[in-house]
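Hi there,

Here is the structure I promised to pass on to you. My notes on it follow below.

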Amino acid sequence: MSVVLAEHPAEGVVLLRINRPEARNALNLEVRKALVAGLREAAEDPAIRAAVITGNEKAFAAGADIREMRDLGPIELMQRGTHKLWDDIAAFPKPLIAAVNGFALGGGCELALHCDIIIAGEGARFGQPEVKIGILPGASGTQRLVRAVGKYKAMLMVLTGEIVGAREASEMGLVSRVVADGEVVGHATQMAAAIAKLAPVAVELAKEAVLVGQDASLATGLSLERKALWLTFATEDKREGMSAFLEKRAPEFKGK
Ligand code: CO8
């Protein structure tokens, strides 16, 4: 059985399900490679317009695989090049939604932080407990988390390794929406399906503007946004969207 299962729960949507229940979905190299392969396929398929990553009811992912790391030296870790796999996930150009049930710890929390929207079940739990095992968050937890929640909440999680519940995570800005545990994947899938019906060029450009802009100056970000907006005015979908509005009908976007 594959460690990542790909499903197509709705038109235009791929759902990637991490499948290592015996290890609380710990992210070993095989899982990370399979996730990247799934996302790469989705990126190249014009029929796919949004992706959802999920785990199971107990764990989204309980972090990097500690068994795999215990005897690893620094050069081996470097040569594994796992940071490139994270870069590949970050570079996925289409909307990426994390559907989180159970534990999202360490690399699991960081995987969620690589997503654009995080839907969490009421019982979901987030944390960066790396300091408890003698290391520190190494898949962007010291960087993406602080950008998401600010210095003092990020420091609290990174320096204590404390685990926070979905409500607290939501209040600090680490979660987009909290829903009942049983509704997480359905909710995320419906959201992805709704996004998949929108104009794909506009959606991709919007994602890029937000992500690139958050690390740029306001002036640079605004300039990027303007160029992206101007580019949408070259698409057939812009005319279709506006015509459909004026003609009081549903638009049919083609990604052109
Ligand atoms: N790695 C490997 N195995 C794991 C992991 C993990 N991260 N998490 C759980 N497991 C395994 C357990 O060893 C156990 O296996 P076994 O049945 O063979 O003993 C099985 O999953 C079930 O685990 P528990 O019995 O502990 O289940 P509980 O429901 O009691 O607890 C927890 C669940 C709270 C998730 C608990 O398992 C836990 O604390 N896990 C470790 C969490 C953690 O420390 N995560 C951070 C890991 S470090 C990291 O992510 C660094 C990322 C930086 C990137 C580095 C690039 C290589």
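Let me start in the sheet: Leu16 has Ile53 in S3 as its bridge partner. Strand S2 (residues 13–18) and strand S3 (residues 50–54) run parallel and are joined by 5 bridges; strands here are DSSP E runs of at least two residues, and helices are H or I runs of at least four, numbered from the N terminus.

This is a predicted model, with local features needing pLDDT of at least 70 and side-chain atom pairs pLDDT 80 or more, while totals for chains, interfaces and linings use all residues. Residues are numbered from 1 along each chain as its sequence is written, and side-chain values use heavy atoms, leaving out hydrogens and water.

The open sheet has 6 strands in the order S1-S2-S3-S5-S7-S10, with mixed pairing (two strands pair if DSSP finds at least two bridges between them). Strands S1 (4–10) and S10 (177–179) are at the edges with a single partner strand each, so one side of each has no neighbour in the sheet.

Ile53 also turns up in the largest nonpolar core, of 47 residues, where Ile53, Phe60, Val100, Leu111, Phe126 and Leu174 touch the most other members. Such a core is a set of buried (under 20% relative accessible area, 1.4 Å probe, protein chains only) Ala, Val, Leu, Ile, Met, Phe, Trp, Tyr and Cys residues joined through side-chain atoms within 4.5 Å. Helix H1 (residues 29–44) gives this core its largest share, 6 residues.

As for the ligand, a polar backbone atom of Ala62 is 3.0 Å from one of its nitrogen atoms. A backbone N or O atom of Gly107 lies 2.8 Å from a ligand oxygen atom.

Best wishes

How values were computed
Buried means under 20% relative accessible area, exposed over 50%, partly exposed in between (1.4 Å probe, protein chains only). A polar contact is a pair of N or O atoms within 3.5 Å; within protein, one must be able to donate a hydrogen and the other to accept it, and residues adjacent in sequence count only if both atoms are side-chain atoms.
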